[in-house]
Amino acid sequence: MTTPMIEVRAVTKRFGSIDALAGVDLSADAGTVLGLLGPNGAGKTTLVRILATLLRPDSGLATIAGYDVVRHAQRLRSMIGLAGQYAAVDEMLTGRENLELVGLLYHVGKAERRRRAQEVLERFSLTEAADRQVKTYSGGMRRRLDLGASLVGHPSVLILDEPTTGLDPRTRNELWTLIEDLVTDGTTVVLTTQYLEEAERLAHRIVVIDRGRVVAAGTADE
Ligand SMILES: Nc1ncnc2c1ncn2[C@@H]1O[C@H](COP(=O)(O)OP(=O)(O)O)[C@@H](O)[C@H]1O
Ligand SMILES: [Mg+2]
């Protein structure tokens with residue numbers, strides 16, 4: 001028996017009179033993709049923020065690699081990468097500068113920062129645009145850079161909040177391939193999506209949530 005990499009037990013979160021999470025249970029094994037499928041307002045981002053240690057649950061327990069996301073938040077931050085629906089990169093900086101800045105935030109030394117930035121630029125086909133300001137990038141390039149930025153810290157768990165919403169089909173496919181490559185390399189991924197197709201393509205296990213509750217869970221076939 002292996003312990004799950006990610007475990008969520010009876011987690012609740014309320015905003016005013018809204019139960020964003022009304023008692024969620026789920027788990028994911030190391031090296032797999034967990035798909036969190038649900039419509040707008042289901043509670044996906046709330047759960048993502050809790051797992052990413054950015055928000056405390058009101059009750060319940062969430063652990064990553066056995067560490068409690070509340071009590072061991074500091075320690076977990078170096079193990080987690082987060083990329084979202086809205087690219088969190090600085091428009092005025094170049095792609096390379098953005099990546100090196102993330103390395104600095106992760107306390108990665110200068111030479112290693114440069115190396116990792118270059119590695120991400122190559123992996124995400126951004127070498128030609130590396131030294132241009134991000135404001136000149138297309139939507140797909142920004143999303144690739146944002147995903148790349150989440151990898152600079154070499155996270156063992158990657159959390160992706162609707163990474164392909166708003167992307168054209170070709171760019172979406174490119175991103176899917178990049179995510180599959182990361183999983184092949186052993187990264188554990190939590191991915192939220194509104195698209196069943198995306199969950200089916202990428203996720204080993206799918207958890208469907210609606211109004212803060214798990215309404216179905218299983219493999220794509222199930
Ligand atoms: N900071 C907040 N303050 C008030 N309500 C919030 C906040 N964050 C989320 N909510 C509410 O919680 C519910 C779940 O939101 P969210 O987790 O963002 O869903 P999803 O990401 O699945 O679209 C929604 O009703 C949303 O309006
Ligand atoms: Mg959301």
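View 1. Thr 192 counts as buried because its relative accessibility is 0%, where buried means under 20% relative accessible area with a 1.4 Å probe and protein chains only. This is a predicted model, in which local features need pLDDT of at least 70, side-chain atom pairs count only at pLDDT 80 or more, and totals for chains, interfaces and linings use all residues. Side-chain values use heavy atoms, with hydrogens and water left out, and residues are numbered from 1 along each chain as its sequence is written. Thr 192 sits in strand 8, residues 188-193 (strands are DSSP runs of E, at least two residues, and helices are runs of H or I, at least four, numbered from the N terminus).

**View 2. The polar partners of Thr 192.** The side chains of Thr 192 and Asp 161 meet in a polar contact of 2.6 Å (a pair of N or O atoms within 3.5 Å; within protein, one must be able to donate a hydrogen and the other to accept it, and residues adjacent in sequence count only if both atoms are side-chain atoms). A polar atom of the Thr 192 side chain also lies 2.8 Å from the backbone nitrogen of Glu 162. Leaving out residues up to four places away in sequence, Thr 192 touches residues including Leu 36, Lys 44, Val 48 and Glu 198, with contact meaning heavy atoms within 4.5 Å.

View 3. Have a look at the largest pocket, with a volume of about 860 Å³ (on a 1 Å grid over the protein atoms alone, a pocket is an open set of points with protein on both sides within 12 Å along at least five of seven lines, and lining residues have an atom within 4 Å of a point; a cavity is a set where a 1.4 Å probe fits but cannot get out). Of its 33 lining residues, Ile 80, Gly 81, Leu 82, Val 102 and Tyr 106 are the closest to its centre. Domain 1 (1-79 + 155-222) and domain 2 (84-147) both contribute lining residues, so the largest pocket lies between them; the domain bounds come from an automatic or database domain assignment.

**View 4. The largest cavity.** About 30 Å³ of space lies in the largest cavity. Ala 83, Gly 84, Arg 143, Asp 146, Leu 147, Leu 160, Pro 163 and Leu 175 line the largest cavity, and helix 5 gives the most to this lining, with 3 residues.

Definitions and conventions: Chains are lettered from A and ligands numbered from 1 in the order in which they are written. Buried means under 20% relative accessible area, exposed over 50%, partly exposed in between (1.4 Å probe, protein chains only). Grid points are joined across faces, edges and corners, and a volume is the space filled by probe spheres set on the points.
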